Amino acid sequence: MVLTLQAFTTPANTQVIADTAALPGTLPTPAVPTAPAMLSPLIDGSSAYIWSPNTASNQTVTFQSIFDIGTLPILGLALPLSTFYAYAGNETVSVTATLEVVNLLGIVIATIPLFTDANSGSSQDVAIASGDALLAVGLLGNTGRIVINATVTSPTVIGYSANPGRYLGQLTVRSLIAV
């Protein structure tokens, strides 16, 4: 299968859409990158974790990452996609992913569920979720994007407020046809 996309969660493609420690009316907000210190576990050698700009013990944060997979192929083509998502957090993380088809006007014209998964709640756990989709592309110029919502519950220990809700994800998309 052809590698269509391989990307990590970053502050450029991820925002905080829900946060129990946020003030009302302050969301969505950009995710915050970690300091350059090595955090674990690593995913493909990356320790580029992100977290909410709010710090509180036992908060629940939902990150939304949008990965563009580009312009979809020509008229009337069925495009099979396989997605693999490796993710880690410092506590419980649950993820859901959807494939969206967006027309030239920026309107979402199709939403296809890909997967729902959760890790074990261990700070040293890298979980892997995957899903397949068969997308029938009907119009030239549509673009595809994968939207992943990850809900992270930060530790309850008061002294651990330096990076609550720490989260890292890596998306790999493969297709039978080069996009």
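Trainee: What does the accessible surface of the chain come to, and what share belongs to carbon and sulfur atoms?
Mentor: About 8,300 Å², with 61% belonging to carbon and sulfur atoms; the areas are from the Shrake-Rupley method with a 1.4 Å probe, and for residues only the protein chains shown count as cover. Bear in mind that this is a predicted model, where local features need pLDDT of at least 70, side-chain atom pairs count only at pLDDT 80 or more, and totals for chains, interfaces and linings use all residues. Residues are numbered from 1 along each chain as its sequence is written, and side-chain values use heavy atoms, leaving out hydrogens and water.

Trainee: OK, how many helices and strands are there?
Mentor: 0 helices and 12 strands. Both are DSSP runs numbered from the N terminus: helices are H or I with at least four residues, strands are E with at least two.

Trainee: Which strands make up the open sheet, and in what order?
Mentor: There are 6, ordered E3-E2-E6-E11-E8-E9, with antiparallel pairing. Two strands pair if DSSP finds at least two bridges between them. Strand E3 (29-30) and E9 are at the edges with a single partner strand each, so one side of each lacks a neighbour in the sheet.

Trainee: And over how many bridges do E6 and E11 pair?
Mentor: 11, in the antiparallel sense. Gln64 sits opposite Asn149 in E11.

Trainee: Switching to the inside: which residues have the most contacts within the largest nonpolar core?
Mentor: Val95, Ile148 and Tyr167, in a core of 29 residues. Such a core is a set of buried Ala, Val, Leu, Ile, Met, Phe, Trp, Tyr and Cys residues joined through side-chain atoms within 4.5 Å. Buried is under 20% relative accessible area, exposed over 50%, and partly exposed in between (1.4 Å probe, protein chains only). Another core, of 6 residues, lies apart from it and includes Ile43, Tyr49, Ala88 and Leu168.

Trainee: What is Val95 in contact with, beyond its neighbours within four places in sequence?
Mentor: Among them are Tyr85, Phe115, Ala129, Ile148 and Tyr167, where contact means heavy atoms within 4.5 Å.

Trainee: Is Trp51 buried or exposed?
Mentor: Buried, with a relative accessible area of 14%. Trp51 is in strand E5 (residues 50-51), and its C-alpha is 5.6 Å from that of Ala31, 20 residues apart along the chain.

Trainee: What about Leu105, buried or exposed?
Mentor: Exposed, at 73% relative accessible area. Leu105 is in the loop between E8 and E9.
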